[in-house]
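Thank you all for coming.

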Amino acid sequence: MDVPVLKQGQYLIATVQSALTDADLAQLRRSLVEQVGRFRSRGVIVDVTAVDVLDSFACRILRDIAHMAGFRGAETVIVGIHPDLAFTMVQLGLSLEGVATALDLEEGLAYLDQHTRRPGRRALHSGATLPESKTRGVH
Amino acid sequence: MASTEHIAIRSDRDVLLARQRGRALGEQAGFVATDLTLIATAISELARNIVLYAREGEMELQLVADDHRRGLVIVARDHGPGIADLERAMEDGYSTSGGLGLGLPGVKRLMDSFDIVSHPGQGTRVHISKWRRS
């Protein structure tokens, strides 16, 4: 079963369904990392709201996605881990090892808006700020 | 009230099927949502171990009851290579596959009882159970 991935502006949003096999999850990892390049995405949201089980394998895939997307220059945030899942993951001893999480899609988008801004670079490429900074340099 | 299901475990699809059947049986027994998640996750971990290490095996899911309570007993069985050092396998952070190394001790924490028998070259049998909170 393919995981639907929505492209919204500079972000990719993957909505994980409840019944995914290990192969489906590995496919999602491959596909997201590839799409980060194809769409030049700066952020990835993996929404697990509908997921019934986050076991050690699923957890590893989520970490992989975040780290691999990170190597490609995109920030990842996992959203929608419901209380039962959080409880089970703690009992099982699982960790997302520093991967960003947010309560829901809305919070996830807010997180990405905050963390994917690149003001320095934008200023450099903007026609309005470049001459101004040059002028300042002359004085 | 003895309802038993046997599920052959040969692929990642069977891992999914086993945990879905476990959840359904748990619902039938009246487990709360949190426990259903714990049960489904424990089944997922044990079933995956079968596929990863033994390639094939079987899971048995059984609804049990005595005068006072209802529960779910799960047995995972394979004739794979077995575990040479059980004591080490039950330590957090140990895994022969180079994975997370959290499998068995984690499953033990999810359940009310955990029992494992393994003989190198003969296979492994893990017996776990969860009782309904009343």
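Predicted model: local features only at pLDDT ≥ 70, side-chain atom pairs only at ≥ 80, totals over all residues.

Residues are numbered from 1 along each chain as its sequence is written, and chains are lettered from A, with ligands numbered from 1, in the order in which they are written.

Read from the N terminus on, the elements of chain A follow the order β-β-α-β-α-β-α-β-α-α-α. Of the 139 residues in chain A, 35% are buried, where buried means that 20 or more other C-beta atoms lie within 10 Å of the residue's own, exposed means 12 or fewer, and partly exposed is anything in between, with C-beta atoms placed from the backbone. If we take the contacts in chain A with a separation of 6 or more, 71% of them are between residues 24 or more positions apart, a contact being two residues whose C-beta atoms, placed from the backbone, lie within 7 Å.

Which residues cover the two faces of strand 3 of chain A? On one side there are G43(A), I45(A) and D47(A), on the other V44(A) and V46(A), and all are buried. Strand 3 of chain A pairs in the parallel sense with strand 2 (residues 11-15) of chain A over five bridges, where two strands pair if DSSP finds at least two bridges between them. Within that pairing, I13(A) has I45(A) as its bridge partner.

In the loop between helix 1 and strand 3 of chain A we find R40(A), and this residue counts as exposed because it has 11 C-beta neighbours inside 10 Å. R40(A) and Q8(A) are 32 residues apart in sequence, and their C-alpha atoms are 12 Å apart in space.

Turning to chain B, we meet an open sheet of five strands in the order 1-2-3-5-4, with antiparallel pairing. Its edge strands, each pairing on one side only, are strand 1 (3-9) and strand 4 (113-119) of chain B. From one strand to the next the twist averages 10°, taking angles from 0 to 180 degrees between the N-to-C directions of axes, which are lines fitted to C-alpha atoms, for helices over the stretch in contact. Strand 2 (residues 57-65) and strand 3 (residues 70-78) of chain B pair in the antiparallel sense over nine bridges, and there Q62(B) has V73(B) as its bridge partner. Helix 2 (residues 33-54) of chain B packs on this sheet, touching strands 1, 2, 3 and 5 of chain B, and its direction makes about 10° with that of strand 3 of chain B.

Helix 1 (residues 12-28) of chain B has buried residues that include A18(B), R19(B) and G22(B). What covers the buried residues of this helix includes helix 1 (22-38) of chain A, together with strand 1, helix 2, strand 2 and strand 3 of chain B. Just after helix 1 of chain B, G30(B) takes a positive phi of about 85°.

How many residues does each chain bring to the contact? Chain B brings 23 residues and chain A brings 18 residues. On the side of chain B, helix 2 gives the most, with nine residues.

Finally, the largest nonpolar core has 64 residues, and V44(A), V46(A), A42(B), I43(B), A47(B) and M59(B) touch the most other members; such a core is a set of buried Ala, Val, Leu, Ile, Met, Phe, Trp, Tyr and Cys residues joined through C-beta atoms within 7 Å. Helix 2 of chain B supplies the largest share of this core, 10 residues. Not counting residues up to four places away in sequence, I43(B) touches A18(B), R19(B), G22(B), M59(B) and I74(B).

Definitions and conventions: Helix = DSSP H or I, 4+ residues; strand = E, 2+ residues; numbered from the N terminus.
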